[in-house]
Each structure stands twice: as C-alpha cells, then as structure tokens.
Amino acid sequence: MGGRSTPVGSSYPKLAERPVGKQIQSIYTDRLRQFTDQGQYREQSLLAKLYHTTTNDDKYIKKSVYSPPNLTRPTFEEATSNKFKECHLGDQFGPSWSTHWFKIQLTIPKHMLHGEHLEFHWDANNEGLVWSEDGKPLQGLTGGGERPEWILPKSWRDGEEHTFYIEMACNKMFGNAPGGDSIQPPDPNLEYTLWQADIVDVNLAVRGLRVDFWEIGDAAREFPNDSWQRHQALQVCNEIMDVFLAGEGSQESILKGRKIAQQYVGKHVDSGRVYESKEEPIVYGIGHCHIDTCWLWPWAETKRKVVRSWSNQCDLMDRYPEHRFACSQAQQYKWLKTYYPYAFDRVKEKVKYGQFQPIGGSWVEHDTNMPSGESLVRQFLYGQRFFESHFGERCQTFWLPDTFGYSSQLPQVCRLAGMSRFFTQKLSWNNINNFPHTTFNWVALDGSQVICHMAPSETYTADANFGDVKRSVTQHKSLDQDNTSLLVFGKGDGGGGPTRDMLDKLRRLRGMSDTTSQGLLPRVHMGNSVDDFFARLEDKVAAGTDLVTWYGELYFELHRGTYTTQANNKKNNRKQEIMMHDIEYLATLATLSNNKYKYPKKEIDELWENILLCQFHDCLPGSSIEMCYDDSDELYAHNHKLGTKLKDHALAALGMSESKTKSCGETVAINTLPWNRTEIIKTPEDDYTIVYAEPGLNSTDVIELEASEKATVTEKSDGVFLLANSRFNVEVENGAITSLFDKKAQREVIAKGGKGNQLVIFDDKPLYWQAWDVEVYHLNSRKELHSGRSEIVEKGPYRVSVATKTKISDKSWMKTTISLDASTGESDSPSYVSCEAEVEWHETMKFLKVEFPVDCVNSEATYETQYGLVKRPTHYNTSWDMAKFEVCCHKFADLSEANYGVSILNDSKYGFATCGNFMRLSLLRAPKAPDAHADMGKHHIKWAIMPHTGALGTDTVHAAHNFNNPLSLITIADGEDPDDDIFSSIAVAGSASLVLDCIKRGEDDEDVSRGELEKRKGRSVILRIYESMGGKSRGTIKTTLDVKKVFKTNVLEDDLEELKYSSSGEVEIELRPFEVATFRLQL
C-alpha cells in the first residue's frame, strides 16, 4: 500500500481490429452437412477428393456374362463351364431371383499401377459375390453404394490381364419388394441395371477425414448444449472446413484437416492401438450379422447371403485385428461347410484365433413360443453338437435377438444345454409397455435362471454411430446393479454385417472418449467376446451383486398374429413333432428286440434338422414370403415320406406293419403314449369300436356297449339336436352349442344366454406388420357368423355327430362337425365334445375364431407351454394385463374355478385369448403381406371342449396328448408273433404329473454314433421326463431291460450323477415343480 506499481506488459491489443460476432450455433451446425454432401455441393465437398483417379474403360475392364435359365443357381464349376457373352454398363439383368455370372478380365492401367490404394467397385443395386479365377469365394458385394468395393490384390499391379468372376443375385438385401416397402410381396419381374464397374485409386486421407468429420460432427449435434465438448466439436469441424476451403481441397489441406481432427479424437484412430489405453470401458462392441434363415427371400438365397457376409467379415478381420464377430445358427455354418468349403475353412481359422465367435448353441435362431419342449431341446442338442464337433467348444450364451417373445421354460432348457447366459433385445419393440430391465436374472418355471442382457442401444443391427454408443448408457435400465452393456453392430436381417465405416467410427468414438469427452461419451471397447462380457457379470454376481429377477415368460407385446398366420405350416410342425416321438420310440424298441435292426440315426438327424430349420423365427411364425412356404411345404412332404418309411421299418422289425386297408393278419391298435387311455376308433372294415388301451399293442375286437354307455342323438325340436352320453347332454342349434350339461357334476357349462362353439370373425388391419400383428382394436369389430341348419351325420352308438355348414362370405365357407363319443365306466380317459372343421378360406384381412362363453370365473386362465403351464390374466386391470389380449398356447387352454373347470383342446393351433369367461381359439388369419396368399385355400382343424370336475389336473394334460396323438392301427402279419412285452420294458410309475415325453437311443452309443463326437461304449436308452402340473413329484422308472447303470444327465446327455438302481429294475426319482429331467439307462 502506498508504493508505486510498475506497469506489466500485455499482448492484449489496445485497439479493436474489427467486429467479431457470436456464432449462430444452428447455422454453423447445419453448415457441416456441406462437407460430405451428396447433393448440390458434392463437387465442392470432401467427397469430390475421395479418389485420386478412376476408370471404367472397357479396354481395362472387359465384361461378359452367362445367365442361367429358369431361376437356377448353378455352382461355380457349372456356371464357368458355359459360354459368356459380352456386356456393358447400362445393361439390365433380371428377372427377380435370377442369377447372372460375370467374367471380369481386368488390367490395371499404367497410370494407376503406383496408385495409393486400388479397389474394384461394382454396383447393380443388388447382391453379388466375388470369385477368384480358380473358384474361391472371396467377398460379398452389396449394391446401392452400401458395400460395392473389393480391394485389388497388389500382385495385379503388373500391367497384365487378370480374371475373376462376380455372381450376381437379382435381389436387394431385403428381397424384391416393389417400391420402398420391404414387407410387400416381392415383384417377380424386377430388372437390375449395372451402373458401376470401376477401378478406383482411393485417397486414404480423405477416407479417414470423412470418418473423423462424421463422428466429430455427431458430437457437435448430440452432446448436451450446455457442454463445452459440444461447442469444441463444432469449432473443430468448422476449422477443418475452413482449412479445406483455404487450400482449395489440396492434399495438404486434407492432411492438415486430419491433424486438426486429432485434437478431438486422438492420434491413434487409424489402428487398433486406440483401444490400448488404460481407461476402463463400459460399452463392449461386438460385430454381428443377423441373417434371417428365410424371410423376404428363400433358403437358397440365404445360403449365398451367408458366404457373402461371412467372407466380408474374414476380410475385415485381416485389416482390423480388434474386430470380433459373433455369429449364431449351426444350420448356416453347415450350409457354408457343404456349399462353400473354402469359406468355411477361412471361418475355422478365424474361430481358432478368437475373432470369429460361434454363439447361440441352437440349430437356428428359432421361435420359442410354438415349438414343443422336445423341439427346444433338439435345437440345443443339434446346435451344441455341431459347434463342439467343428470348433471344439460348446456355446455358453444363448443368442436370440430377433424372436417374437421368449417362453417361460427357456432358462431351464438353456441351463440343461450348458448355457447360463442369454442375449436379446426384441422386447424393446413392445408397443404398450416399456420392459423395465437391461441386465437381470431370468427365472424359469422350475426356478432355473440365466443372466439376461438386453442391449440398451435397442438393436442388434447398430450402425456404430455416436448415438448408438451414447444410448448404451442413456437407455440402460439396470445402472443400479451394473453399468456395462453390449453394442451389437452390423448390417443385419438380410446379412452383410459390420462395414469398414463402422469399425472406423468406433475407433474415433473410443479416441474421443479418451481425449475429449471426459465421461460424457461412454468409453467403447473392441477386442472382447460376448462370453467375456457375461463372464465379468457372473464374477460380479459371485462377488455379491444382486441382479433383479424376472420370473416366467418374456411376453412380447407385438407380433401376436404370428401364433396363427400360415396355419398349415404350424399344423405340419405339430404333426411332425409327434411323428418324431413315435419314430424314436419304436426305433428304440426295435433295436432292443431285434439284433438285425439298426437304429436309423442318419435319417432321424435329417428329419430333426429339417423340422428345426422350419422353426426359424420367420418361418414357423408365418412372417415370410410365399416362396419360403413353398420350400417348407416341400421339406415337410419329404419328411412325411421319409418318416413314414422309418416308422414302417421299425414296425416291421417289431413284427408289425401300419394298417391302412383291410388285410390279412390281425389288426391291433398301438398306443405310443405312456399311460392307459380309452378311445373310439374306426377299424379297416369301417366299423367303430372302443379300445381300452395300455401302452403298446391292444385288441380292436368290437365291444358291445351297454345301453347306458352308448352315445345317442335326437332332434328334440326343429333344428335343435341333443347329443348325449353317460357324462354329458349337448344341445346344438345352427352349429352352436346352446347347452352343455355335465350330468355327473349336475352343472351347466355354457354361460347363461351364451353359445359355445360360436364362430366369430374380426376385421384384422394392424398398424403395419400384417402377417405379424393383430392389434387390440380388432376386438371391437367382432361379428358372429350365422350358420345354416344342422344335420345328423353319425347316429351312434359309438359316436354321434351333427354337421353344420356356415357361409363366411361369397368366397369362403366352413363345415363343422360336432361329435360326442360313447363313455363307459371303465374309461381311462375323460369325455369331451369334439369338433372337426373343414374350411375353404379366401378372405382379405380377416381373423376367424371360435369362442366358448363358459360358466366359470377366475382372474387367471392357464395355458400349456413347453414342459409346463403358464397363467395369464383374464382381465385388463393394468396395461400389462391388457397387452396379453392374444397369447400363445400349445395343446390346451383352461379356465377353472376351485372345483370345476373347462379345457379347450386343439390339434394344430397356438393363438388363444381368455377375456372374462370368454375363451377364444384363434383359427385363421388373412394378411396380404409379405405373402399375398397366406392361408388361402382349404384347412382341416380339430378342437374339443372338455369340462372337468375339480381344478385343472393331469386328466387335461393326458387328454391333450391323446387328442394330438390318437391310437393308430397296425397289422400283425400271419405267422408273426411280436414281442408285446417290449412295450412294457420301460415305464414310469408314481405321480400322474410325471410325463415320459421322449424315449430314444443315446447320441454317442457305439452302435448309433455317426462319429461327430467321441463314441461311448455299449448301448443306452435316453428318457426325458417332465413334471407337468407345478408340484414336487416322486416316481419310479421301471424297466425289464438289462440295465447296468442309470445316470441323470443334461439334455446334451452328459452324465451328471449316477442313481441308485435296484435289482428289481427300479429307479426312484423326484422332480421339482416343472422340472425337465433326462435319464440314461446304460445297458
């Protein structure tokens, strides 16, 4: 204080040089688009400098073509042995689904021999595959500018002519839909124009700056407005543009622009070194290429999509060592191995080094709502065995990102197949409720659990953009427990997978996180596997982290129409699942009783693989184009023919044959189910009889009924018919059941004033996805169909039937036959009223159902699912309840009070709804996209209404199995003496809720094995048993076979524990509620 201060010099100018205004952020942000503009500014933008030079001169690129006839897809050898004719840019090729082979004779011009980076660019707006001259598939091409480039070998810079081939597929990535709506039925007459066939010399600095600018520009647009990082990104981008303009787009200005970009993204973004920083990442990038095994294209095209897509990924792995690619579906690997062995060997090499990562453990990415429990097991059995036999390891993570809901027993089946982890994201598509979790424990009916992760980016086909990484945290719903996530990126559905741009963008985003964002952008990491991600989660759980739990099904609040669309496809699935049960059962018994008979493992594998293929999540649900159902119909027909042959061979080995006509020899009924049953059957002489059937062979001698046991029918008044047996009185008027009276319970089943078996039709126009969706508002359009007069068609005493014809429209009609069978006091099966319908269906956007208003009250209905039961609300209390206005069931649905209930059985349907006391079975839909003819034509459908005393019990479970697998007639040839005891050689006694669902031979038995995995000495029999009602149950496996040891195994047939086996041939077992247990009897 008081001293004199000395002025300090300052660089700050005393006088203002000029006015400087505040940047208008929106204007300077919008300006950024000009730098990579494809429109009016392209020739002044960075993109104009992308190539040093290009040529499409015919002198250097000679093109000729061979066009195979009749939409055939010849092999390389077949195609290249034909004569090629000259072609040119601008030529058109078609029609849709045709193939054209191009021979390219390429000479690099002298002025390009020392170019920086030479590529061949080919584009006809469709898909293609580059082949070497000696027949090696090298790389896929995708038109429309998406992936047109193939890097030319450096050895071709010799001035000589070099030959390669391009196989053109006349379809886009998403098929051949007309216009811009990809789900419309394909146009069969599209033509594709070859508009690009160029040699280009790429300016790699421009290619790099383009990606730099892209991601920094995203930061300028997407970081919070109040963050300095957003403002800095905008300044960096504008500075790059200013430098480019000042240098008039010179190479020097481009290189200077890259240095400016490094201020924001760091110095190592041109290599995998960017991922070597010490900072902890929370987003893990995984490349993926979802290829729908069929959808908007047929299986034949999928085989080519696989080689195109996977070859691309092998190429990217060579250039981007951090790239990790997860790929599911054993079926697609098998196709690659069969049709493209060179590409399969490339994949195997990448698997060996951990870059190409087989995942999922299943045969295909299958639907999980409709396949049977045994089908779910076989998806994993065949999938895991393929992966283990070809790559040396089983999968640990079930991978199912695009399936339409996830059934309640999947966690248990996963654990039994060696998988404790599950990845999906499809529930992000819910259109009513927002699923509340990202990472959680998903718990099955029996209590088994898997760790489930749903990508918070909410896609399995991310473009690896700034926003995808950002959303991996901002949309993460489980941050309280864990903040990490998977970012699954790559072109998908139609294949393709990650691109060069995606991998380059992720490098920039990692560099940005390490250099500038200071936590604002989640740090992404490349180089780890999906299993690494889940292993870290499992370690965290082991260390004490409690993940939240979700019990039961992951119901998908969309695509509810897939339970019904393509009815014949679904019927084929159900029938062939049952066929496989019988074939394996009879073949197993044949190997045990006839030393000359060989278990047909090869043929059984073929049948199962075909069934599993048809369970793909766009095939079985009914959401594919018509060509796909032509394919599946052909495959099912092949299976039926082969399956019938296998069954006949097994019966012959047992001394029998299937009885189809009147024949010499004794006709007997065979019961392939593991319990006693009573059934009315029609003999080859067209007589009815009642059969009291035990498992195995049963007499079909005509049994006279007591008067009280007979079924009767009378017309009690004009047009009103009374069907009666010892259990029920059924009144039918105009095809509807106006009364169903239970004599034993003295109770009316049909609600007062209601009509059971009433046919109803609804307007069915969903918001967009026609084959997939039915929306809640369709219920407002309910319309009863009015039938004509009924008439008696069968008069008893074994069966009585009344038939009614219903006009649906001028184009459609339906004939329903309601039947009631005789019921005796000795019966082992409950009585029910059955209905058989013949439908001629030619509607447009209509939904046909049959409904039963029943006199039962419960807030929940019960539906059969795989290996158990699932309860769902009958009310709309909450939006979660209302969302389940249409649900999936298997062989039955049930509405029961404490002491009485009603079950609706079906033989081929999966869609159902219970609203209050109205039970509705969904029969047929009529969507027009993507298959314009879906469900058109003739249908045969069976269902039944089965009242029962008491709550839902095992009678319904058994009756539903019986309804789907009726007794069949076989003939014992004269002179044959089949060993009837073989059918009682394996049985399960004890709790009636234990269902012996599968009897087969061991996969690796030395007399069965096909050599994929190590053989197991001796012979064994596999039993699959499940608890069906939801209660702990005890039972006994009883066998007369020469058993040495008994093991409890997983579904892959690994021995888990040896069980105590008594000298009397018995093994005591105990199952948890809804447990699925597999046992191996070592002979």
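**Helix packing and strand pairing in the predicted model**

In the predicted model, helix H5 (residues 251-265) packs against helix H12 (residues 500-517) at an angle of about 65°, and their axes are 7 Å apart. From H5, the contact involves Arg 258, Gln 262, Gln 263, Tyr 264 and Val 265, which meet Arg 508, Gly 511, Met 512, Thr 515 and Thr 516 of H12. By residue class, this contact of H5 with H12 comprises 3 nonpolar, 5 polar and 2 charged residues.

Helix H12 also contains Ser 513. The relative accessible area of Ser 513 is 2%, under the 20% limit, and this residue is therefore classed as buried. When neighbours within four places in sequence are left aside, the contacts of Ser 513 are with Gln 518, Leu 521, Pro 522 and Arg 523.

An open sheet is formed by 5 strands in the order E50-E51-E56-E53-E54, with antiparallel pairing. From one strand to the next, the twist averages 30°. Within this sheet, strand E53 (residues 1045-1049) and strand E56 (residues 1076-1082) run antiparallel and are joined by 5 bridges. Thr 1049 is placed opposite Thr 1078 of E56. Helix H9 (residues 373-391) packs on the sheet, where it touches E50 and strand E51 (1020-1027). The direction of H9 makes about 40° with that of E50.

A further antiparallel pair consists of strand E7 (residues 127-132) and strand E8, joined by 5 bridges. Trp 131 stands opposite Pro 137, the latter in E8. The two strands form a hairpin with 4 residues between them, and in this hairpin Gly 135 adopts a positive phi near 90°. Of the 6 residues of E8 (residues 137-142), 6 are buried, so this strand is largely enclosed by the rest of the structure.

The unreviewed UniProt entry annotates residues 557-636 as "domain: Glycoside hydrolase family 38 central". In the model, this span is 65% helix and 0% strand. The C-alpha atoms at the ends of residues 557-636 are separated by 30 Å.

Notes: Residues numbered from 1 in each chain as written. Predicted model: local features only at pLDDT ≥ 70, side-chain atom pairs only at ≥ 80, totals over all residues. Heavy atoms only, no water. UniProt positions renumbered as here; feature names shortened; annotations may be inferred. Axes fitted to C-alpha atoms, helices over the stretch in contact; angles between N-to-C directions. Contact = heavy atoms within 4.5 Å. Nonpolar A, V, L, I, M, F, W, Y, C, P; charged D, E, K, R; others polar. Pairing = 2+ DSSP bridges. Buried < 20%, exposed > 50% of the residue type's maximum accessible area, 1.4 Å probe, protein only.
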